[in-house]
Amino acid sequence: MRPRDDSFELLLLRRTGSTLSGEWCQIAGGIQHGERAWQTALREAREETGLALKALYSADICEQFYEAIGMQSR
């Protein structure tokens with residue numbers, strides 16, 4: 001997320017090559033031994049996007065979502 005004019009821009013990734021292929025999601029990953037959460041955020045952003053973050057923000061709520069294309073009705 002970064003400030004832009006009077007609002008914010010949010011980076012979402014569209015997954016490829018996994019069971020999540022085609023789904024939109026935020027940067028995610030696991031904390032490695034001896035790593036702090038903020039260090040994980042920096043590392044995962046670099047690994048998944050090549051971006052070096054300048055600032056971190058804490059979100060109160062983080063929702064997962066998916067595209068329902070291909071879902072069968074019951």
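Begin by selecting Glu 35 and Arg 43: the two form a salt bridge, with their closest N and O atoms 2.8 Å apart. A salt bridge here is a side-chain nitrogen of Lys or Arg within 4 Å of a carboxyl oxygen of Asp or Glu. Both Glu 35 and Arg 43 are buried, where buried means under 20% relative accessible area, exposed means over 50%, and partly exposed lies in between (1.4 Å probe, protein chains only).

The model is predicted; local features need pLDDT of at least 70, side-chain atom pairs count only at pLDDT 80 or more, and totals for chains, interfaces and linings use all residues. Residues are numbered from 1 along each chain as its sequence is written, and side-chain values use heavy atoms, with hydrogens and water left out.

**The chain as a whole**

Next, display the whole chain as a cartoon. One helix and four strands are present, and from the N terminus on they run β-β-β-β-α. Helices (H or I, at least four residues) and strands (E, at least two) are DSSP runs, numbered from the N terminus.

Colour the chain by pLDDT, the predictor's confidence in each residue, from 0 to 100. The mean for the chain is 81, and 78% of its residues reach 70 or more. Confidence is highest in α1, at 92, and lowest in strand β4 (residues 24–25), at a mean of 84. Where pLDDT is low, the predicted coordinates should not be read in detail.

Switch to a surface view. The chain exposes about 6800 Å², and carbon and sulfur atoms supply 53% of that area. Accessible areas come from the Shrake-Rupley method with a 1.4 Å probe; for residues, only the protein chains shown count as cover. Of the 74 residues, 12% count as buried. As for contacts (heavy atoms within 4.5 Å), residues 24 or more positions apart account for 29% of those with a separation of 6 or more.

**Along helix α1**

Arg 43 is buried because its relative accessible area is 12%, whereas Glu 47, at 53%, is exposed. Salt bridges that share partners join Glu 35, Arg 43, Glu 44 and Glu 47 into one network. Side chains of opposite charge can pair when their charged atoms come close.

Select Thr 40, which lies in helix α1 (residues 37–49). Thr 40 has 6% relative accessibility and therefore counts as buried. Leaving aside neighbours within four places in sequence, Thr 40 is in contact with Gly 30, Ile 31, Gln 32 and Glu 35.

The side chain of Thr 49 reaches the backbone oxygen of Ala 45 at 2.5 Å and the backbone nitrogen of Leu 51 at 3.0 Å. Not counting residues up to four places away in sequence, Thr 49 touches Leu 11, Leu 13 and Ile 27. A distance line between the C-alpha atoms of Thr 49 and Leu 11 gives 9.8 Å, although these residues are 38 apart along the chain.

**The strands and their loops**

Select Asp 5, in the loop between β1 (2–4) and β2. Asp 5 is exposed because its relative accessible area is 74%. Inspect its backbone: phi is positive, about 55 degrees, although Asp 5 is not a glycine. Most residues other than glycine have a negative phi.

Next, show the side chains of Arg 4 and Glu 9, which meet in a salt bridge (3.6 Å, N to O). Arg 4 is partly exposed, with a relative accessible area of 44%, and Glu 9 is partly exposed at 28%. A search of the whole structure finds six salt bridges.

Finish at Leu 12, in the loop between β2 (7–9) and β3 (13–14). Leu 12 counts as partly exposed because its relative accessibility is 31%.

Key:
Polar contact = N/O pair within 3.5 Å; in protein donor to acceptor, adjacent residues only side chain to side chain.
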